[in-house]
Amino acid sequence: MSIYPVKINEWYVEGKPFGTEIDTLKMMLPHIECHRCRKPISWDEGYVMHSITYGGPDAAWCSKECMEE
């Protein structure tokens, strides 16, 4: 399986394949900081590794800019 970052509000959508993971990710977000700058991760602007809710790599970024640095 390829592991890659995804925009939270585009990947975790009701009715789509990872829609069942929305509640899990919402519980995790308050405990996750940006991998780059340590700011909080928001649902609308944040990015996470798509495997984060499955125990895979748990990197997260607060913005596209932090993810691309």
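The structure is a predicted model, in which local features need pLDDT of at least 70 and side-chain atom pairs count only at pLDDT 80 or more, while totals for chains, interfaces and linings use all residues. Residues are numbered from 1 along each chain as its sequence is written, and side-chain values use heavy atoms, with hydrogens and water left out.

View 1. Burial is given by relative accessible area: buried means under 20%, exposed over 50%, and partly exposed in between (1.4 Å probe, protein chains only). Cys62 is buried at 13%, whereas Cys37 is partly exposed at 33%.

**View 2. Three strands form an open sheet in the order 1-2-3.** Helices (H or I, at least four residues) and strands (E, at least two) are DSSP runs, numbered from the N terminus. Two strands pair if DSSP finds at least two bridges between them. The pairing in this sheet is antiparallel. Strand 1 (5-7) and strand 3 (60-61) are the edge strands, each pairing on one side only. Strand 2 and strand 3 run antiparallel and are joined by two bridges. Val48 stands opposite Ala60 of strand 3.

**View 3. The largest nonpolar core contains 19 residues.** A nonpolar core is a set of buried Ala, Val, Leu, Ile, Met, Phe, Trp, Tyr and Cys residues joined through side-chain atoms within 4.5 Å. Ile8, Tyr12, Ile41, Val48 and Trp61 have the most contacts inside the core. Helix 2, strand 2 and strand 3 are the elements that give two or more residues to it, and strand 2 gives the most, with three. For contact in general, the criterion is heavy atoms within 4.5 Å. When residues up to four places away in sequence are not counted, Ile41 touches several residues, including Ile8, Leu29, Ile32, Trp61 and Cys62. In soluble globular proteins, nonpolar side chains tend to be buried together.

**View 4. Two salt bridges are found in the model.** A salt bridge requires a side-chain nitrogen of Lys or Arg within 4 Å of a carboxyl oxygen of Asp or Glu. Glu69 is exposed, at 60% relative accessible area. Lys64 and Glu68 form a salt bridge in which the closest N and O atoms are 4.0 Å apart. Both of these residues, Lys64 and Glu68, lie in helix 3, four residues apart, or about one turn of the helix. Lys64 is partly exposed at 43%, and Glu68 is exposed at 57%.

**View 5. Ser63 occupies the loop between strand 3 and helix 3.** Ser63 is buried, at 15% relative accessibility. Its side chain reaches the backbone nitrogen of Cys66 at 3.2 Å. Apart from neighbours within four places in sequence, Ser63 is in contact with Glu45 and Tyr47.

Technical notes:
A polar contact is a pair of N or O atoms within 3.5 Å; within protein, one must be able to donate a hydrogen and the other to accept it, and residues adjacent in sequence count only if both atoms are side-chain atoms.
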